[in-house]
Amino acid sequence: ITVADTGHGRLQQYALSEGAIKPGAEIKAPQIAYPQRVRLNSKGDTFVLDGKQHRILRLNATGEFKGYVEPEGPAGSAVSWIPKSLAIDPSDNLYVLDVSASRVVVLNADGKFQKQVPYPQQEGFFSDVAVDAQGIHAALMFPGHVLNLEFEFADDVDAIYANARAYNRWIHAEVGHSYQDRMFLPPYLSLADVDLAVEELE
């Protein structure tokens with residue numbers, strides 16, 4: 001098991017032994033500053049999405065830095081992107097969620113550009129990507145980025161619920177809370193006021 005330890009700027013490996021998880025090797029490199037996503041391919045290579053650099057690093061099976069994923073697009077042009085998430089299929093193709101261009105970029109096992117898939121026309125805020133070949137039947141997408149409401153409007157409960165209501169209506173209008181019965185986006189409910197929370201739930 002390999003975990004992206006964002007707070008400590010490292011990857012931490014764990015081993016499952018006799019039903020218990022035990023700490024393993026620590027992987028640190030100067031190029032790893034703020035790891036947010038980590039994926040492994042069939043060869044044991046590790047791909048790390050660094051949230052501050054907006055770059056994807058490639059490490060070999062021993063944790064040695066092998067370079068950045070910097071593909072060329074059509075006609076040899078460089079792919080300009082802001083990767084938000086990534087997934088790897090059984091053939092080691094890489095799927096990168098690019099929030100700067102509202103698309104998913106598909107690369108082959110060597111990191112070469114294959115194609116790009118634009119977001120649906122009625123897209124909302126996309127934050128993660130998965131592929132069917134990973135065996136994922138459905139995804140539950142929690143509204144983590146709106147949690148700041150609790151801090152920004154700590155002294156104004158009405159403002160918390162006004163913003164939460166606007167967010168929930170936006171998700172419902174743009175994507176829906178159960179997109180194609182596979183991507184589930186639960187509404188955001190603050191518990192700052194019980195009556196207002198019940199009203200929003202209803």
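Helix α2 covers residues 157-174, 18 residues in length, and runs 26 Å from its first C-alpha to its last, close to the 26 Å expected at 1.5 Å a residue. The model is predicted. Three helices and 14 strands make up the secondary structure of the protein chain.

**Helix α2 and its surroundings**
- The buried residues in α2 are A159, I160, Y161, A164, Y167, N168 and I171.
- An α-helix has 3.6 residues a turn, so residues three or four places apart point the same way.
- Packing partners of the buried α2 residues are α1 (149-152) and α3 (194-201).
- After α2 comes G176, which has a positive phi, near 100°.

**Residue V69**
- V69 lies in the loop between β7 (65-68) and β8 (83-88).
- V69 counts as buried because its relative accessibility is 9%, below the 20% cut-off.
- Beyond the neighbours within four places in sequence, V69 is in contact with F47, I56, W81, L94 and L107.
- A distance of 37 Å separates the C-alpha atoms of V69 and E18, which are 51 residues apart along the chain.

**Whole chain**
- Along the principal axes, the C-alpha atoms of the protein chain fill a box of roughly 55 × 45 × 30 Å.
- The protein chain has 202 residues, of which 37% count as buried.
- Of the contacts between residues at least 6 apart in sequence, 41% join residues at least 24 apart.
- The protein chain carries 17 positive and 27 negative charges, and the mean positions of these two sets are 11 Å apart.

Note on methods: Residues are numbered from 1 along each chain as its sequence is written. This is a predicted model: local features need pLDDT of at least 70, side-chain atom pairs count only at pLDDT 80 or more; totals for chains, interfaces and linings use all residues. Side-chain values use heavy atoms; hydrogens and water are left out. Helices (H or I, at least four residues) and strands (E, at least two) are DSSP runs, numbered from the N terminus. Buried means under 20% relative accessible area, exposed over 50%, partly exposed in between (1.4 Å probe, protein chains only). Contact means heavy atoms within 4.5 Å. The expected span of a helix is 1.5 Å times one less than its number of residues. Lys and Arg count as positive and Asp and Glu as negative; His and the chain ends are not counted. The place of a charge is taken as NZ of Lys, CZ of Arg, CG of Asp or CD of Glu.
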